[in-house]
Amino acid sequence: KYTVGEYDIVIHSAKQSGGLQTRLTENGYTIPAGASRVLGAYIKQGMRFFVAKVNLKEQSKLGYSYLRPIQVAYESPKFMLPIRLGMANADGAQDLFVYALTRNGRVETTNYRTVRLPEGMDVPEFVKDQFEDFYRSMFAEQVRKERGEAVFLEYAWNMGWCDPCAADPLSPTELRDLGVWWVADPGRPVRPGAPGFVPPGMSQQVFITRLHLRYDRAHFPEDLVFQQTGDQQNYQARFVIHHAWAGDNSCPRWDAYKGELRTRHGQEAENLASLTGWSVNSIRRKMNLAADGSAPEERAHWWERIWRN
């Protein structure tokens, strides 16, 4: 039992779930219904329970208006993340993001399917201004298509380089702060040959994986079990927006381009409907397209087209 910053920390071990529940209840914790069965399963595996309570007096002394994240280090032969206890009092499905930083490659789940989100598909221009709504709907639709039973890969990248970049690679300082102990500490030079030494011109050996899942008791009855793979193929869930030519029509291929554009707009609408589950007709209205994919300037009256020429 100890205090760290604004947290009172207690680490519990137990031989039976009833004793652990009694101890927690006596110390002011509310235990959700159904937790006993989950606690019992963890106790049988010899697991310990890390309990953190906010110490408001200490928080006031420190002057923080928000809670700082807690970093825990432990060694275990099991590469897993317990999620069942958190579902005992959950009101509906929860979203979880897992960032895994490894030496050799991408991380995936072994007891649930790891599925890549769609990538590289052309979507309409208006998605740029509604990207949050688009991404939420896209993810919800992919969860539905996988019947709520998959873990999704959103990002996998070697931190030594980026092209194209969703963001700059994490610096050695950021990696150390995240617990990547095998990279050199910028504040403490490492002699050649020692652990953490990186030869000049060589990148840090770190691969980052971002997993995203939406889970509940019905579809995720087991804790997440992971494995590190040797796959270092870079991947990110990204989508492509093309901007139509807005200049004059003096180009010799103008008529051919209009036909190609009509086809492309139609495909973009179909892609977006498939990704999000949105109505393709509502998408076409947002794109201001007719059923044949033509834009307003292509649907002028016949006399307007004569006068324009």
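User: Where does arginine 147 lie?
Analyst: Arginine 147 is in the loop between H5 and S9. Helices (H or I, at least four residues) and strands (E, at least two) are DSSP runs, numbered from the N terminus. This is a predicted model, in which local features need pLDDT of at least 70, side-chain atom pairs count only at pLDDT 80 or more, and totals for chains, interfaces and linings use all residues. Residues are numbered from 1 along each chain as its sequence is written, and side-chain values use heavy atoms, with hydrogens and water left out.

User: What about the phi of arginine 147?
Analyst: Arginine 147 is not a glycine, yet its phi is positive, about 60°.

User: Buried or exposed?
Analyst: Arginine 147 is exposed, with a relative accessible area of 57%. Buried means under 20% relative accessible area, exposed over 50%, and partly exposed in between (1.4 Å probe, protein chains only).

User: Which other non-glycine has a positive phi of about 60°?
Analyst: Asparagine 288 has one. Asparagine 288 sits in the loop between helix H8 (280–287) and helix H9 (302–308), and it is partly exposed, at a relative accessible area of 43%.

User: Back to H5. How far apart are its end C-alpha atoms?
Analyst: They are 21 Å apart, which agrees with the 21 Å that the 15 residues of H5 (residues 131–145) should span at 1.5 Å a residue. The expected span is 1.5 Å times one less than the number of residues.

User: Which residues of H5 are buried?
Analyst: Phe134, Tyr135, Met138, Phe139, Glu141, Gln142 and Val143. An α-helix has 3.6 residues a turn, so residues three or four places apart point the same way.

User: And what covers them?
Analyst: The cover includes strand S5 (94–102), strand S9 (150–158), strand S10 (207–215), strand S13 (239–240) and helix H7 (254–276). Contact here means heavy atoms within 4.5 Å.

User: New topic: at what angle do H1 and H2 pack?
Analyst: Helix H1 (residues 17–26) and helix H2 (residues 35–44) pack at about 115°, with their axes 8 Å apart. Axes are lines fitted to C-alpha atoms, for helices over the stretch in contact, and angles run from 0 to 180 degrees between N-to-C directions.

User: Which residues make the contact?
Analyst: Ser17, Leu20 and Gln21 from H1, with Ser36, Leu39, Gly40 and Ile43 from H2.

User: Last one: what is the strand order in the 3-strand open sheet?
Analyst: The order is S4-S11-S6, with antiparallel pairing. Two strands pair if DSSP finds at least two bridges between them. The edge strands are S4 (80–81) and S6 (107–109). S6 pairs with S11 (residues 224–228) over 3 bridges, and glutamate 108 has glutamine 227 of S11 as its bridge partner.
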